[in-house]
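User: Got a structure I'd like to walk through with you. Can we start with how it divides up?

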Number of protein chains: 2
Amino acid sequence: MLPFQTLLTINKEAAMPVYQQIANGLVRLIRDGVIKPGAALPGSREMALLLQVHRKTIVAAYQELFTQDWIETIPRKGVIVSQRLPEIKPRTFKAAARLPAYAGSTGFAYQKPRAMPSAAARAGEFRLAINDGFPDYRIAPIDLLVREYRSLFHSPAIKRYAMYGSSAGPLSLRNELVQFLTDSRGLNIGPNNLLLTHGAQMAIYIAASMILKPGATVLTGDPNYFLADMTFQQLGAKLVRIPMDGHGMDVEAIARICKRKKPDLLYIIPHHHHPTTVTLSADRRMQLLELIHQYRLPVIEDDYDYDFHYSSGPILPLASADHGGNVIYIGSLTKSLATFMRVGYMVAPEQFIQDASVLRRLIDIRSDNVLEETLALLFRNGDIQRHLKKSVKLYHERRDLLCQLMEKELNGLVTFRPPAGGMAVWTRFHKKHPLPAIAARAATHGLFMADGSNYSYGSHNHNALRIGFASLNEKEIREVVAILKKVG
Amino acid sequence: MLPFQTLLTINKEAAMPVYQQIANGLVRLIRDGVIKPGAALPGSREMALLLQVHRKTIVAAYQELFTQDWIETIPRKGVIVSQRLPEIKPRTFKAAARLPAYAGSTGFAYQKPRAMPSAAARAGEFRLAINDGFPDYRIAPIDLLVREYRSLFHSPAIKRYAMYGSSAGPLSLRNELVQFLTDSRGLNIGPNNLLLTHGAQMAIYIAASMILKPGATVLTGDPNYFLADMTFQQLGAKLVRIPMDGHGMDVEAIARICKRKKPDLLYIIPHHHHPTTVTLSADRRMQLLELIHQYRLPVIEDDYDYDFHYSSGPILPLASADHGGNVIYIGSLTKSLATFMRVGYMVAPEQFIQDASVLRRLIDIRSDNVLEETLALLFRNGDIQRHLKKSVKLYHERRDLLCQLMEKELNGLVTFRPPAGGMAVWTRFHKKHPLPAIAARAATHGLFMADGSNYSYGSHNHNALRIGFASLNEKEIREVVAILKKVG
């Protein structure tokens, strides 16, 4: 007889009832070929003695196996493993040998993603961290949001949207956003031009996967927002990097490429470009709009932090101009709230939005629509608009403080231009101070910072990072600069 | 001089300051070629008179345009449109002509998704709706969750995870899930075998897009969960439908196909199959595990409602057996909470999870990690487990009631087998009662129901739908059956 007392492990503290544990253990032994079809199992009395449990427990376990067709009862022979089961050669006698199923890698081959895991995932473990430009969740109206969320959940209206709803997102929030985007960006759209997504990154992924086929060409900045670049590469596209200067992307270079062969997509951040924070100049905007018309050039305009401007008023997006339906405009509410509140949107012609909504459903059925209804309410009440005003004022002060301190303390180590808006300063370190070494030394002082690898393209290494000021208060900004001075 | 008073519309009630509206309006006119580079603008006094605003407003608007490089000041000539701007031929003189940018379709061609928008999106507009098997949000511990969310947001611990974290999801929730999946499903895994996703659909999409190339072959049920099928098709795969009977998928048919040519993926729901609710029998499970080993067959095991079982204990998933690292196991917490709380997970070998996490970040940076931390807390306190127990008891009663009523009232109209678990009854309508007609008549009684098109494959039409009982209370179940009787 098999040593059931060692093959079956019982844990009386576990949430799963003991009889179920025994049944499951026996199923494993049968399935792994340790007990063969037709083999007799010990009677309930005998098994109870072996396993040191009450006989009723064994009866229940056998009943379970019987119901699930693993065993049968043969008169005079007692309980046997079902003879209808296929016979397989035993893989092992040790129960522990089940472990490897998930220990190693897959048995089959698959397409590995081209991007790498992010080092920034660990930033939360540090006392202090420099991010790319996150909002300060400490000033976000989360209490208000949670309160309204709860009260919406208890309102009779929840019946209308708790379980069902458009893949494009609730009409209420789309309507509020139409109003907001009209007021703030001069967009001329209706709710059917809007798809809500679980963050702007999802909007980039969806738009790109509709536009790009493997082998496609994407024009992108040198440097450019790395998650967008990685997304295009993941979808099989080839990147062609367009130089960036103090006036934004070199539109002449785009024109030259278009003349040779129309690219499949232009990805552009005309307003506070990521990472350089440069804004595309007026003349280049006009030239670009001409090119878009002339070549019917598909464009993703990523306008992730339009709402944060400190100097002159923000410049209207390309999407507000006559672009012949070629500009897919992407924005985010995450920057206006907190990084953990992922709400993004895509603006596009109606048919494109309808198609994108179908794809969105296959990727991620939808967002939390109670949350989206709550956000619609906060827009309607002006709470988000008030919060934005408050944030802009505070981030303006933080930008000024960071720039003053860097100017004074980090002279000779870094160069930068104070950004007109946004949440970060694009900071280049001098060649003789390679960022990986700086970042490693900063870590020993409890400061996480990027090592610049996100903006290092083959031979071209910008040796630069974005220093996000929005999420740091005065004390933290001073601390960050002090550490950079120490390790530089 | 241009008729600025009609070309520039000013809305004094708008959130945007009037000077900004004027500046933006002028930018549009310049950008659209209505005002040419070098053209003179009226002086501030004259323009103020034209537009009926204070002169200071015009000065501010011009200042704005000057800062943004749209205009320049020439001595003696006054304000002119910047001569550095490219000259473009005017597209139109009417401001309203900007409308079409987003009105029609895109200027460029793109790949349309193969799936269709869902009719169920509109279900919320009906007095009553039959869904595929959703949980009842009315009994979900949302109040508790919201309370704990808020208190986590105010705890010092939030600093560790509010802004950063692994793309695989917080370790805390992964650890709790490891414990839960070990206790309930006998999985033998660690936290590095788990990727948290924004709902199970995202896990299906990510796993499938790693495994499938265009032209790949996917074995799937006849019938099968339609969103999974659509996802595989969207990724360019060809579906090969495997017959389903009262014991689950026909594993012999799978064996025959494997013998000819190894398929690229098997998608299987062995437990309460969607839509048929059938559970794969013991002998077929063993045969299937043999095939998986023999061919290193990649498998997605979708186990979306394992936790809801009413008759015997649930059968262990394939993922708990020795499968050589070939089974990607996907589950959901959404079914245990509410449809608007989208939390799914993928269990796979460590390397696969690491790669899937990278892809997850490109598709959707991450979920709300404060929510995920809150769920970890609810698991730790046993709140989710208690809620599951309560739900199972209630849904069990609802299943019984629905089956009794259908047996009694819908005889001759439908056939069904009471499911051993899950949240829905797979209900076939007799051929002489085509579902589209039934659904149309039900709508006139305020009841939304699917028209069966999700399970109609070319020549093979199941003329069936899932009647979800979990989200309906006693009164609603009686009402649904009464309407079906009336329209049948």
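User: What domains does chain A have in the domain assignment?
Analyst: Chain A gets domain 1 (4–102), domain 2 (119–134 + 386–487) and domain 3 (156–381); the bounds come from an automatic or database domain assignment. This is a predicted model, where local features need pLDDT of at least 70, side-chain atom pairs count only at pLDDT 80 or more, and totals for chains, interfaces and linings use all residues. Residues are numbered from 1 along each chain as written, chains are lettered from A in the order written, and side-chain values use heavy atoms, without hydrogens or water.

User: How many residues of domain 2 of chain A are in contact with domain 3 of chain A?
Analyst: 26 residues of domain 2 of chain A are in contact with 26 of domain 3 of chain A, contact being heavy atoms within 4.5 Å.

User: And the area buried between domain 2 and domain 3 of chain A?
Analyst: About 2,300 Å², with 59% from carbon and sulfur atoms. That is accessible area (1.4 Å probe) the two parts lose on being put together, summed over both. On the domain 2 side, L388(A), Y457(A) and R466(A) lose the most, together 24% of what that side buries.

User: Is C258(A) buried or exposed?
Analyst: Buried, at 3% relative accessible area. C403(A) is buried too, at 8%. The cut-offs are under 20% for buried, over 50% for exposed and partly exposed in between (1.4 Å probe, protein chains only).
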